[in-house]
Amino acid sequence: MEFDMIADLDARKLNATKLKALRKSTRLDQRGFATLSNNSRETVIKFEKTGKVSAPAKRGIVEAVRLVQGLAEIMEPQNIATWLKESNSGLRNKSPIDTIQEGRIDIIWSIIEESRQGTFA
């Protein structure tokens with residue numbers, strides 16, 4: 001799944017096959033995607049097997065897909081997993097995934113928006 005395929009993915013119509021393809025194209029493992037979606041790894045596994053999870057879990061998955069789509073606009077999709085895990089000086093030497101776990105996903109969205117506009121340093 002290349003950038004165009006990621007960008008064209010309708011997160012609301014997400015199914016098990018599409019989520020697996022998205023994860024693989026971005027090199028995100030189930031645990032990493034679970035963290036992004038504020039779900040357990042078991043929930044991601046269940047969705048990838050059945051395409052069904054609770055409404056709150058699905059919301060988290062959809063939001064994580066949207067985030068991955070935003071990141072794919074500003075970097076090569078295969079670099080997303082690495083970027084999420086690496087320490088970042090702009091995040092006080094925390095990784096983006098740590099920042100997300102702290103409930104500060106808004107900072108990551110700000111980075112995406114500033115990069116889109118060419119103002120992120």
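Leaving aside residues up to four places away in sequence, Gly51 touches Ala16 and Lys46, where contact means heavy atoms within 4.5 Å. The model is predicted, so local features need pLDDT of at least 70 and side-chain atom pairs count only at pLDDT 80 or more, while totals for chains, interfaces and linings use all residues. Residues are numbered from 1 along each chain as its sequence is written, and side-chain values use heavy atoms, with hydrogens and water left out.

Let's stay with Gly51 for a moment. Gly51 sits in the loop between helix 4 (41-50) and helix 5. Its C-alpha is 8.4 Å from that of Thr17, a residue 34 positions away in sequence.

Relative accessible area is sorted into buried (under 20%), partly exposed in between, and exposed (over 50%), using a 1.4 Å probe and protein chains only.

| Residue | Relative accessibility | Class |
|---|---|---|
| Gly51 | 27% | partly exposed |
| Asn38 | 72% | exposed |
| Asn93 | 55% | exposed |

Asn38 lies between helix 3 and helix 4, and its phi is near 60 degrees, a positive value in a residue other than glycine. Asn93 belongs to the loop between helix 6 (80-85) and helix 7; its phi, near 65 degrees, is likewise positive in a non-glycine residue.

Now for the overall fold. The protein has 8 helices and 0 strands, taken as DSSP runs numbered from the N terminus (helices: H or I, at least four residues; strands: E, at least two). Of the 121 residues, 41% are buried.

Helix 5 has 20 residues, which should span 28 Å at 1.5 Å a residue, and its end C-alpha atoms agree at 29 Å apart; the expected span is 1.5 Å times one less than the number of residues. Its buried residues include Ala57, Gly60, Ile61, Ala64 and Leu71.

Helix 5 leads us on to the largest pocket. Among the lining residues are Asn38, Gly60, Glu63, Ala64 and Arg104. Helix 3 (30-37), helix 5 (55-74) and helix 7 (96-101) are the elements that each give two or more residues to this lining. A pocket is an open set of points on a 1 Å grid over the protein atoms alone, where a 1.4 Å probe fits, with protein on both sides within 12 Å along at least five of seven lines; lining residues have an atom within 4 Å of a point.
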